[in-house]
Amino acid sequence: MNNSLRTVLFDLDGTLADTAPDLTYALNTLREQEGRPALPPAAIRPMISHGTKGLLQLGFDITPDDAAFGGLRQRLLALYRAHLTRETRLFPGMAEVLERIEQSGMNWGVVTNKPAFLTEPLIEQLGLTSRAACVVSGDTTPHSKPHPAPILHACALAGSHAAQCLYIGDAQCDIEAGRRAGMKTLVAAFGYLAAEDQPAAWNADGIVERPAAILQWIAGYENAARRCAADV
(Lines give C-alpha, C1' and ligand atoms only; values in the text may rest on other atoms or scores of the structure.)
Protein backbone atom coordinates (compact mmCIF):
# COMPACT_ATOMS: atom_id res chain seq x y z
CA MET A 1 0.00 0.00 0.00
CA ASN A 2 1.21 3.51 -0.84
CA ASN A 3 1.53 5.42 2.41
CA SER A 4 1.89 8.86 0.82
CA LEU A 5 -0.60 11.27 2.27
CA ARG A 6 -3.92 11.33 0.45
CA THR A 7 -6.21 12.95 3.01
CA VAL A 8 -5.83 15.74 5.55
CA LEU A 9 -8.44 15.74 8.33
CA PHE A 10 -9.08 18.76 10.54
CA ASP A 11 -10.69 19.29 13.90
CA LEU A 12 -13.16 22.15 13.56
CA ASP A 13 -13.11 24.48 16.58
CA GLY A 14 -9.65 25.91 17.14
CA THR A 15 -8.09 24.19 14.13
CA LEU A 16 -9.96 24.80 10.90
CA ALA A 17 -12.05 27.76 12.08
CA ASP A 18 -11.82 30.36 14.83
CA THR A 19 -15.23 29.78 16.40
CA ALA A 20 -14.33 31.30 19.77
CA PRO A 21 -15.94 34.72 19.17
CA ASP A 22 -19.40 33.26 18.55
CA LEU A 23 -19.19 30.73 21.37
CA THR A 24 -18.02 33.56 23.64
CA TYR A 25 -21.00 35.63 22.54
CA ALA A 26 -23.40 32.77 23.29
CA LEU A 27 -21.96 32.07 26.74
CA ASN A 28 -21.85 35.72 27.76
CA THR A 29 -25.38 36.30 26.48
CA LEU A 30 -26.55 33.40 28.63
CA ARG A 31 -24.67 34.80 31.63
CA GLU A 32 -26.26 38.19 31.10
CA GLN A 33 -29.70 36.56 30.95
CA GLU A 34 -28.89 35.01 34.32
CA GLY A 35 -27.80 38.33 35.80
CA ARG A 36 -24.09 37.65 35.61
CA PRO A 37 -21.40 39.89 34.10
CA ALA A 38 -19.69 38.98 30.86
CA LEU A 39 -16.45 37.04 31.04
CA PRO A 40 -13.40 38.26 29.10
CA PRO A 41 -12.88 36.41 25.80
CA ALA A 42 -9.39 35.41 26.90
CA ALA A 43 -10.87 33.43 29.79
CA ILE A 44 -13.36 31.60 27.56
CA ARG A 45 -11.10 30.83 24.61
CA PRO A 46 -9.12 27.95 26.23
CA MET A 47 -12.37 26.21 27.17
CA ILE A 48 -13.83 26.10 23.64
CA SER A 49 -12.32 22.68 22.86
CA HIS A 50 -14.03 21.26 25.97
CA GLY A 51 -17.49 21.83 24.49
CA THR A 52 -20.61 22.83 26.41
CA LYS A 53 -19.44 20.93 29.49
CA GLY A 54 -16.34 23.10 29.77
CA LEU A 55 -18.12 26.31 28.87
CA LEU A 56 -20.88 25.83 31.43
CA GLN A 57 -18.41 24.82 34.12
CA LEU A 58 -16.52 28.03 33.46
CA GLY A 59 -19.60 30.20 33.10
CA PHE A 60 -21.76 28.80 35.89
CA ASP A 61 -19.51 26.50 37.94
CA ILE A 62 -21.75 23.50 37.26
CA THR A 63 -21.22 19.98 35.93
CA PRO A 64 -23.56 17.60 34.06
CA ASP A 65 -24.58 16.20 37.45
CA ASP A 66 -26.22 19.50 38.42
CA ALA A 67 -29.98 19.77 37.91
CA ALA A 68 -29.63 23.08 36.08
CA PHE A 69 -27.08 21.79 33.57
CA GLY A 70 -29.48 20.40 30.98
CA GLY A 71 -31.60 23.52 30.71
CA LEU A 72 -28.61 25.84 30.52
CA ARG A 73 -27.00 23.63 27.92
CA GLN A 74 -30.07 23.76 25.67
CA ARG A 75 -30.25 27.54 25.99
CA LEU A 76 -26.54 27.89 25.25
CA LEU A 77 -26.83 25.72 22.15
CA ALA A 78 -29.86 27.67 20.93
CA LEU A 79 -28.03 30.97 21.33
CA TYR A 80 -25.00 29.60 19.53
CA ARG A 81 -27.05 28.00 16.73
CA ALA A 82 -28.60 31.39 15.99
CA HIS A 83 -25.19 33.06 15.61
CA LEU A 84 -22.92 30.37 14.12
CA THR A 85 -20.99 32.67 11.81
CA ARG A 86 -21.59 36.06 13.37
CA GLU A 87 -17.81 36.40 13.64
CA THR A 88 -16.51 32.88 12.96
CA ARG A 89 -13.98 32.66 10.13
CA LEU A 90 -11.28 30.29 8.94
CA PHE A 91 -8.02 30.92 10.72
CA PRO A 92 -5.77 33.32 8.76
CA GLY A 93 -3.91 31.32 6.12
CA MET A 94 -6.23 28.32 6.34
CA ALA A 95 -8.02 29.13 3.07
CA GLU A 96 -4.70 28.85 1.25
CA VAL A 97 -3.93 25.58 3.04
CA LEU A 98 -7.18 24.06 1.77
CA GLU A 99 -6.56 25.35 -1.75
CA ARG A 100 -3.04 23.94 -1.84
CA ILE A 101 -4.23 20.57 -0.54
CA GLU A 102 -6.83 20.42 -3.31
CA GLN A 103 -4.35 21.56 -5.97
CA SER A 104 -1.92 18.81 -4.92
CA GLY A 105 -4.50 16.11 -5.64
CA MET A 106 -5.17 15.30 -1.99
CA ASN A 107 -8.55 15.74 -0.34
CA TRP A 108 -9.53 17.01 3.08
CA GLY A 109 -12.30 16.64 5.63
CA VAL A 110 -13.51 17.55 9.10
CA VAL A 111 -13.78 15.40 12.22
CA THR A 112 -15.25 17.18 15.22
CA ASN A 113 -17.02 16.39 18.47
CA LYS A 114 -19.49 19.16 17.68
CA PRO A 115 -23.00 17.73 17.08
CA ALA A 116 -24.16 17.55 13.47
CA PHE A 117 -26.97 20.07 13.91
CA LEU A 118 -24.26 22.67 14.55
CA THR A 119 -21.44 21.30 12.40
CA GLU A 120 -23.33 20.98 9.14
CA PRO A 121 -24.81 24.50 8.99
CA LEU A 122 -21.49 25.96 10.14
CA ILE A 123 -19.58 24.23 7.35
CA GLU A 124 -22.29 25.32 4.90
CA GLN A 125 -22.17 28.94 6.03
CA LEU A 126 -18.39 28.92 5.62
CA GLY A 127 -18.91 27.78 2.02
CA LEU A 128 -17.02 24.50 2.47
CA THR A 129 -19.67 21.79 2.16
CA SER A 130 -19.06 20.96 -1.50
CA ARG A 131 -15.29 20.97 -1.05
CA ALA A 132 -14.97 18.68 1.97
CA ALA A 133 -14.49 14.98 1.22
CA CYS A 134 -16.17 14.19 4.55
CA VAL A 135 -17.68 15.91 7.57
CA VAL A 136 -17.91 13.70 10.65
CA SER A 137 -19.60 15.15 13.72
CA GLY A 138 -19.64 14.05 17.35
CA ASP A 139 -22.86 12.12 16.83
CA THR A 140 -22.12 10.68 13.38
CA THR A 141 -20.80 7.44 14.91
CA PRO A 142 -21.64 5.84 18.27
CA HIS A 143 -18.39 7.25 19.67
CA SER A 144 -16.68 10.63 19.84
CA LYS A 145 -13.01 11.53 20.12
CA PRO A 146 -10.70 10.37 21.68
CA HIS A 147 -12.22 7.13 20.36
CA PRO A 148 -10.78 6.46 16.89
CA ALA A 149 -14.13 5.47 15.33
CA PRO A 150 -15.03 8.95 13.98
CA ILE A 151 -11.63 9.37 12.37
CA LEU A 152 -11.64 5.90 10.85
CA HIS A 153 -15.12 6.62 9.49
CA ALA A 154 -13.78 9.82 7.93
CA CYS A 155 -10.95 7.87 6.30
CA ALA A 156 -13.43 5.52 4.70
CA LEU A 157 -15.57 8.39 3.42
CA ALA A 158 -12.50 10.08 1.98
CA GLY A 159 -11.35 6.87 0.28
CA SER A 160 -8.08 6.58 2.16
CA HIS A 161 -6.43 4.18 4.58
CA ALA A 162 -5.48 5.51 8.01
CA ALA A 163 -1.78 5.37 7.13
CA GLN A 164 -2.51 7.76 4.25
CA CYS A 165 -4.17 10.35 6.50
CA LEU A 166 -3.00 13.26 8.62
CA TYR A 167 -5.20 14.52 11.48
CA ILE A 168 -4.73 18.03 12.86
CA GLY A 169 -6.26 19.22 16.13
CA ASP A 170 -5.71 21.55 19.06
CA ALA A 171 -6.68 19.22 21.93
CA GLN A 172 -5.11 16.15 23.49
CA CYS A 173 -8.18 14.08 22.60
CA ASP A 174 -7.61 14.93 18.92
CA ILE A 175 -4.06 13.63 18.96
CA GLU A 176 -5.02 10.55 20.94
CA ALA A 177 -7.82 9.73 18.50
CA GLY A 178 -5.54 10.16 15.49
CA ARG A 179 -2.77 8.04 16.99
CA ARG A 180 -5.23 5.29 17.98
CA ALA A 181 -6.54 5.32 14.41
CA GLY A 182 -3.00 4.77 13.11
CA MET A 183 -2.44 8.05 11.29
CA LYS A 184 -0.02 10.96 11.47
CA THR A 185 -1.02 13.81 13.79
CA LEU A 186 -0.21 17.49 14.18
CA VAL A 187 -1.02 19.80 17.08
CA ALA A 188 -2.53 23.12 15.99
CA ALA A 189 -0.76 25.33 18.51
CA PHE A 190 -2.59 28.36 17.10
CA GLY A 191 -5.83 26.92 18.50
CA TYR A 192 -7.43 26.89 21.92
CA LEU A 193 -4.70 25.49 24.12
CA ALA A 194 -4.87 26.29 27.82
CA ALA A 195 -1.88 27.47 29.82
CA GLU A 196 -1.61 24.08 31.53
CA ASP A 197 -1.66 22.09 28.28
CA GLN A 198 1.58 20.33 27.38
CA PRO A 199 1.29 19.50 23.67
CA ALA A 200 4.87 18.29 23.50
CA ALA A 201 3.81 15.39 25.72
CA TRP A 202 0.93 14.35 23.47
CA ASN A 203 3.25 12.35 21.18
CA ALA A 204 2.04 14.00 17.98
CA ASP A 205 4.19 13.87 14.86
CA GLY A 206 4.60 17.63 14.93
CA ILE A 207 3.40 20.95 16.32
CA VAL A 208 2.48 23.80 13.99
CA GLU A 209 2.31 27.41 15.14
CA ARG A 210 0.31 28.69 12.17
CA PRO A 211 -1.75 27.17 9.33
CA ALA A 212 0.93 27.74 6.69
CA ALA A 213 3.25 25.44 8.65
CA ILE A 214 0.89 22.55 7.84
CA LEU A 215 1.94 22.78 4.19
CA GLN A 216 5.60 22.87 5.20
CA TRP A 217 5.18 19.77 7.35
CA ILE A 218 3.38 17.89 4.58
CA ALA A 219 6.12 18.80 2.09
CA GLY A 220 8.80 17.57 4.48
CA TYR A 221 6.96 14.34 5.16
CA GLU A 222 6.46 13.63 1.46
CA ASN A 223 10.11 14.38 0.66
CA ALA A 224 11.24 12.00 3.39
CA ALA A 225 8.85 9.30 2.13
CA ARG A 226 10.24 9.63 -1.39
CA ARG A 227 13.82 9.33 -0.12
CA CYS A 228 12.93 6.21 1.84
CA ALA A 229 11.24 4.68 -1.21
CA ALA A 230 14.31 5.40 -3.33
CA ASP A 231 16.55 3.64 -0.80
CA VAL A 232 14.55 0.41 -0.91
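Predicted model: local features only at pLDDT ≥ 70, side-chain atom pairs only at ≥ 80, totals over all residues.
**Entry 1: E1 and E6**

I started with the pairing of E1 and E6, which is parallel over 4 bridges. Two strands count as paired if DSSP finds at least two bridges between them.

Residues are numbered from 1 along each chain as its sequence is written, and side-chain values use heavy atoms, with hydrogens and water left out.

On its other pairing, E6 runs parallel to E7, and 4 bridges join them. Gly 169 has Val 187 in E7 as its bridge partner.

How many residues of E6 are buried? I found 5 of the 5, so E6 is largely enclosed by the rest of the structure. Buried means under 20% relative accessible area, exposed over 50%, and partly exposed in between, with a 1.4 Å probe and protein chains only. Cys 165, Tyr 167 and Gly 169 point one way from E6, while Leu 166 and Ile 168 point the other way.

**Entry 2: the whole sheet**

Next I traced the sheet. It is open, with 6 strands in the order E5-E4-E1-E6-E7-E8 and parallel pairing. E5 and E8 are the edge strands, each pairing on one side only. The twist averages 25° from one strand to the next. For angles, axes are lines fitted to C-alpha atoms, for helices over the stretch in contact, and the angle between N-to-C directions runs from 0 to 180 degrees.

Contact here means heavy atoms within 4.5 Å. I also checked H5 (residues 94–103), which lies across E1 (7–10) and E4 (107–111) and runs at about 155° to E1.

Which residues of H7 are buried? My list is Pro 150, Ile 151, Ala 154, Cys 155 and Ala 158. They cover an arc of only 145° around the axis, which puts them on the same side of H7. The arc is that of the directions from the helix axis to the C-beta atoms. Their cover includes E1, E4, E5, E6 and H8 (172–181). After H7 comes Gly 159, with a positive phi near 80°.

**Entry 3: H4**

H4 has 13 residues and reaches 18 Å from its first C-alpha to its last, close to the 18 Å expected at 1.5 Å a residue. That expected span is 1.5 Å times one less than the number of residues. Its buried residues are Phe 69, Leu 72, Leu 76, Leu 77, Leu 79 and Tyr 80. They sit on the same side of H4, because they cover an arc of only 160° around the axis. They pack against H1 (20–33), H3 and H6 (116–125).

**Entry 4: cysteines**

I searched the whole structure for disulfides (cysteine sulfur atoms within 2.5 Å) and got 0. Cys 165 is in none, although the sulfur of Cys 155 is 3.3 Å away. Cys 165 counts as buried, at 0% relative accessibility. Cys 173 counts as partly exposed, at 24% relative accessibility.

**Entry 5: loops and backbone**

A cis peptide bond joins Lys 145 and Pro 146, with omega about 20°.

Asp 61 has a positive phi of about 55° although it is not a glycine. I placed Asp 61 in the loop between H3 (51–60) and H4 (69–81), and it is exposed at 66% relative accessible area. Asn 203, also not a glycine, has a positive phi of about 60°. Asn 203 lies in the loop between E7 (184–188) and E8 (206–208).

Last stop: Ala 133, in the loop between H6 and E5. Ala 133 is partly exposed at 31% relative accessible area. Not counting residues up to four places away in sequence, Ala 133 touches Asn 107, Trp 108, Leu 157 and Ala 158.

Notes: Helix = DSSP H or I, 4+ residues; strand = E, 2+ residues; numbered from the N terminus.
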